[in-house]
Amino acid sequence: MDKTNLLKLYRQAIQHTSFIENKKLRGWMPKIGSNDFRSVIRHGQYKGIPSIIKVSPHEDLLNIANNFNRYQKAVKGKPVIQVPAILAKGRLRGGQFLIQKSANPNQPQGIRVIKNWPLATQAEKEEVAKLYWDTVAAFPKFDFGEWAISDYFTMRMDKTLAAARDYGVVSKGFITTKEKDNAIAFIFSNAYKLSMEAFFTHFANTDIVKTKDGYYIWESDIVPKPEAAGIALWLWAATLYAYDIPIAIWDKEIRSWLRVFKKYAPRTQAKGLDIKIQVNLAERLLGTLFLDLPLERSPFDRLPKTKIQKARAIFRALLNNILN
């Protein structure tokens, strides 16, 4: 939906809920295309409680809220990622809204686990790895219907391959034809080694807040994902912000992260973990080369062309490390 109509939908939600926006705190509007937005998100108060509202014409926020409620009950009292309390949800003419309690009244966005993102200390890496595996172990079972691993990667690749042709990623030098073919072959020839499980849509330093009450995740639904997708999401999201870091140094950083994730992996999860991470990460790297970079999505929308070229070089280098 374009920005003007999405903001009209947001004002409809404000009138319906009496949500009071905090104009001093910056909200955001995730983009789908050049003037196509997925949702609008704002800080404020709902019935006197510091909270965040999300309004979307695209997302099934009522289903998302139901999944969150089920997850909250299953992980209550456990040292895992928490989902902020649901305060209100509902339908609008043309969309839905969801209001959640802020993690911290004085710091609605909380503090990040990694202070100097995307580079991290050893202690920060171990903190994240422990949190990830504890969360995976506590995750309740969800019935998403017949989701085979082939369904997941076919769905993802349909979108990215169509985009690759539309945006001319090969002709514009984002990736070569050989790299593209090799990456697709690698993903589908190894996908059978993974199983599907429930996990968050996103898992990154920018999605998680750390408070005295624990860790909370924002802007992330619960969906069917391949095993180890969370690890790949973390590494991929960090790489989005690594454009000013030399490739050799970033490659060393990724290897360090992998060692830590493997160090804390339960014995039942450790078998074949390398290839599971690589398959998921290859898919995410292709997604950026096919979509995020050509469309200059966040964080690339604020970068000069020279830094976009640096980012492209890092993503291609990581992809080739996996393929070779």
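Colleague: What makes the crossing of helix 6 and helix 9 left-handed or right-handed?

Modeller: In this predicted model, the crossing of helix 6 and helix 9 is right-handed, and that term applies because the near helix is turned clockwise from the far one by less than a right angle. The two helices pack at an angle of about 40 degrees, with their axes 8 Å apart.

Colleague: Why are helix 6 and helix 9 called oblique to each other?

Modeller: Angles under 35 degrees count as roughly parallel and those from 65 to 115 as roughly perpendicular; the angle here is about 40 degrees, and helix 6 and helix 9 are therefore oblique to each other.

Colleague: Which residues make that contact, and what is its make-up by class?

Modeller: From helix 6 the contact takes Ala229, Ile231, Ala232, Leu233, Leu235, Trp236 and Leu240, and from helix 9 it takes Leu273, Ile277, Asn280, Leu281, Arg284, Leu285, Thr288 and Asp292. By class these are 11 nonpolar, two polar and two charged residues.

Colleague: Turning to helix 7 (residues 247-263) and helix 10 (residues 305-323), what makes their arrangement oblique?

Modeller: The axes of these two helices come within 10 Å and cross at roughly 50 degrees. That makes helix 7 oblique to helix 10, because the range for roughly parallel ends under 35 degrees and the range for roughly perpendicular begins at 65. The crossing is right-handed, and the contact is made by Ile247, Trp250, Asp251, Ile254 and Arg255 of helix 7 with Ala313, Ile314, Ala317, Leu318 and Asn321 of helix 10. By class, this contact has seven nonpolar, one polar and two charged residues.

Colleague: How do you know that the length of helix 7 agrees with what its residues should span?

Modeller: At 1.5 Å a residue, the 17 residues of helix 7 should span 24 Å, and its end C-alpha atoms are 24 Å apart, so the two values agree.

Colleague: Which residues of helix 7 are buried, and what covers them?

Modeller: The buried residues of helix 7 are Trp250, Asp251, Glu253, Ile254, Ser256, Trp257, Val260 and Phe261. Their cover includes helix 3 (122-138), helix 6 (229-240), helix 9 (273-292) and helix 10.

Colleague: Why is leucine 119 called partly exposed?

Modeller: Leucine 119 has a relative accessible area of 35%; because buried means under 20% and exposed over 50%, with partly exposed in between, leucine 119 is called partly exposed. Leucine 119 is placed in the loop between strand 8 (95-101) and helix 3, and, not counting residues up to four places away in sequence, it touches Ile114, Glu124, Ile245, Trp250 and Glu253. In that loop lies proline 118 too, joined to tryptophan 117 by a cis peptide bond with omega of about 15 degrees.

Colleague: Where is proline 299, and what kind of peptide bond joins it to serine 298?

Modeller: Proline 299 is in the loop between helix 9 and helix 10, and the bond to serine 298 is a cis peptide bond with omega of about 10 degrees.

Colleague: Finally, what makes helix 5 (residues 177-190) oblique to helix 10?

Modeller: Helix 5 and helix 10 pack at an angle of about 50 degrees, with their axes 10 Å apart. That makes helix 5 oblique to helix 10, because roughly parallel is kept for angles under 35 degrees and roughly perpendicular for 65 to 115. Helix 5 passes helix 10 in a left-handed crossing, where Glu179, Asn182, Ala183 and Phe186 in helix 5 meet Arg316, Leu319, Asn320, Ile322 and Leu323 in helix 10.

Methods
Residues are numbered from 1 along each chain as its sequence is written. This is a predicted model: local features need pLDDT of at least 70, side-chain atom pairs count only at pLDDT 80 or more; totals for chains, interfaces and linings use all residues. Side-chain values use heavy atoms; hydrogens and water are left out. Axes are lines fitted to C-alpha atoms, for helices over the stretch in contact, and angles run from 0 to 180 degrees between N-to-C directions. Helices (H or I, at least four residues) and strands (E, at least two) are DSSP runs, numbered from the N terminus. Angles under 35 degrees count as roughly parallel, over 145 as roughly antiparallel, 65 to 115 as roughly perpendicular and the rest as oblique. Contact means heavy atoms within 4.5 Å. Ala, Val, Leu, Ile, Met, Phe, Trp, Tyr, Cys and Pro count as nonpolar, Asp, Glu, Lys and Arg as charged, and the others, Gly among them, as polar. The expected span of a helix is 1.5 Å times one less than its number of residues. Buried means under 20% relative accessible area, exposed over 50%, partly exposed in between (1.4 Å probe, protein chains only).
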